[in-house]
Amino acid sequence: MIHELLLALSGYPGTVFTWNKRNGLQVSQDLPFLHPSETSVLNRLCKMGTDYMRFTEFIEQHTGHVHQQEHYSNQPSQTGLYGIYLRAFCTGLHSILQPYRQALLDLEQEVWTLVIFQLLFPSVMVVVETIRSQKIHGCQILETVYKHSCGGLPPVRMALEKILAVCHGVMYKQLAAWMLHGLLLDQSEEFFVKQGPSAGGAAAVQEEEEEDLGIGGLSGKQLRELQDLRLIEEENMLMLPSYIPVRVAEKILFVGESVQMFENHNQSPSRAGSILKHQEDTFAAELHRLKQQPLFSLVDFENVIDGIRSTVAEHLWTLMVEESDLLGQLKIIKDFYLLGRGELYQVFIDLAQHMLKTPPSAVTEHDVNVAFQQAAHKVLLDDDNLLPLLHLTIDYQGKENKEASGSREGTTPPQESSPREAPSTGWAALGLAYKVQWPLHILFTPAVLEKYNVVFRYLLSVRRVQSELQHCWALQMQRKHLKSNQTDAVKWRLRNHMAFLVDNLQYYLQVDVLESQFSQLLQQINSTRDFESIRLAHDHFLSNLLAQSFILLKPVFHCLNEILDLCHNFCSLVSQNLAPLDERGAAQLDIMVKGFSRQSFLLFKILSSVRNHQINSDLAQLLLRLDYNKYYTQSGGTLGSFGP
């Protein structure tokens, strides 16, 4: 109706505002929804419109015949009025009507401005209702506004982009606090970075570990470890807007954690310095500049984040590699967790064999550490700075309550290698704790050290069985001059087959896996000045150890453990029966021969049949070690069989 009124006042009546020559412009009488007072007001406006229309009619009537008047100046017009003064009057009348027309035009523009809001308000209301109905929280609001701002209507897009810019102001404040000061100003848990352990606790971790994907025995967690997916916690990913890539969020997380570590550590300024190299003000200005931008630019945003991350990563690299001797620390990890000091563990196995073959008790941990110190002295390992940082642990039943009140800083208690309530022997409960010095603890976290412990227990079990088989060989050499029977021949042939398999497994683990992967790790560390690259290389190194040692491949790992158990039982039988085996011993030996034949056949089948697995090259390499002269193949994939 407003448009109808403006058109009528401009001289274009219609059905709502009608025109007749007698009364002029009036409101139609057929509008029952109008109140008489409203009709009175509109008619007063119509009186103004009537006058305007009669003015324009007069002007058109007397200026439309100007040329005729010039040619026929002696002839009057239809109204009897003519002349140049009349023309001048009409021109003046037209000029005073111009402000009236401009006022109508301004009113039309004002009405059109309101029409724009008729388009804008419903679109914004959709956003408001979405936030209200879905209870959208924190940075999820950024995502919601961003998605609705991607439409094609310019007024809607511009309005939502303005709202988004205001919301980004909050995000930039949180980013500045987190990345420049290590502070997480997030009382309502709205940011995509959260402090503390992930939600779900140990139960969620256990469930994740037991989630078997059916890929060669791999669980979901193990597969992620192999693929090295280092992401922000899944629940926080919901807070991360889709227009901020995960790679950028990881950089933000890394910078904040690093700055927080420095802020929380009471280190002398001369050693630690500023992890941001005293560029906090510069980086704060950059973040403020981004905050002032009306539109979010991912390129500018990532460039600023990259600048901060590069400064932090380079400083951490210097601190880790040059000041904290990272390469030396990795050598220690390799020597002790990965059995690089083989002579040390050979002596330790001999010293601790008697105390670890039975279930552990409260004094076992003390005894094995004494044995470990004695072994270190015997191999001339008397490093006064190193040995106090290393401590063998025994996870026996009931120990959890004892240690609940506190734990060693920078160490992690070993977990049981099997789901049984109590370990059957001290070897099964054995672990190694290493007191990591600041700031290396950000690389060698408790979770990382526990993975090293898994590898440590496995390598130690292989080394221990290898040592026992060598001891059996020594016993065989002592008795070679004595007369032997058929059972002795079976016994020593089985020992040879066991030693062949275990020696090749040991060589594969130490040379093909450990030495090769460690060499690659050192090469990657020496080729960069970026701490994140070091952490990524170390994560790959550890994941490759777990994968190539078959710890994550359940069928192979289970088969190898069965073989190691058979070897251990065989060595116990031989050591306890120096004389020729009696009937009972011969029966036990026969069971072991059949068990070893069955497990060696199963191992050969697994190594030969898995062709398309992601770690197929590792299986092939171990098979190459075991079957280099095709003896394994020619025997039908069975070691220890004694058929004709």
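This is a predicted model: local features need pLDDT of at least 70, side-chain atom pairs count only at pLDDT 80 or more; totals for chains, interfaces and linings use all residues.
**Reading contacts, salt bridges, helices and strands**

Colleague: Where does Lys357 lie, and how far is Lys357 from Gly426 in sequence and in space?

Modeller: Lys357 belongs to the loop between α15 (342–356) and α16 (364–378); helices (H or I, at least four residues) and strands (E, at least two) are DSSP runs, numbered from the N terminus. Between Lys357 and Gly426 there are 69 residues in sequence, but 6.0 Å in space, C-alpha to C-alpha. Lys357 is exposed, at a relative accessible area of 55%. Buried means under 20% relative accessible area, exposed over 50%, and partly exposed in between (1.4 Å probe, protein chains only).

Colleague: How many salt bridges does a search of the whole structure find?

Modeller: A salt bridge is a side-chain nitrogen of Lys or Arg within 4 Å of a carboxyl oxygen of Asp or Glu. The search of the whole structure finds 15. One of them joins Glu322 to Arg529, with the closest N and O atoms 3.8 Å apart. Glu322 lies in helix α13 (residues 298–323) and Arg529 in the loop between α20 (486–526) and α21 (531–548), so this pair ties together parts that are 207 residues apart in sequence. Arg529 is partly exposed, at 41%. Salt bridges also link Arg247, Lys251, Glu302 and Asp306 in a network.

Colleague: Which helix holds both Arg464 and Glu468, and is Arg464 buried or exposed?

Modeller: An α-helix has 3.6 residues a turn, so residues three or four places apart point the same way. Arg464 and Glu468 both lie in helix α19 (residues 446–478), four residues apart, about one turn. Their salt bridge has its closest N and O atoms 3.8 Å apart. Arg464 is buried, with a relative accessible area of 12%, and Glu468 also counts as buried, at 11%. In helix α23 (residues 583–609), Lys594 and Asp590 are likewise four residues apart, and their side chains meet in a salt bridge at 3.4 Å, N to O. Here Lys594 is exposed, at 53%, and Asp590 is partly exposed, at 38%.

Colleague: Which residues of α12 are buried, and what do they pack against?

Modeller: The buried residues of α12 are Phe283, Leu287 and Leu290. They cover an arc of only 55° around the axis, which puts them on the same side of α12; the arc is that of the directions from the helix axis to the C-beta atoms. The buried residues of α12 pack against α6 (154–181) and α13. Asp281 and Gln292 are exposed residues on the face turned away from that buried side.

Colleague: How many residues of strand β6 are buried, and which way do they point?

Modeller: In a regular strand the side chains alternate between the two faces of the sheet. Five of the five residues of β6 (residues 430–434) are buried. Leu430, Leu432 and Tyr434 point one way, and Gly431 and Ala433 the other. Strand β5 (residues 390–394) and β6 pair in the antiparallel sense over five bridges; two strands pair if DSSP finds at least two bridges between them. His391 stands opposite Ala433 in β6.

How values were computed:
Residues are numbered from 1 along each chain as its sequence is written. Side-chain values use heavy atoms; hydrogens and water are left out. Contact means heavy atoms within 4.5 Å.
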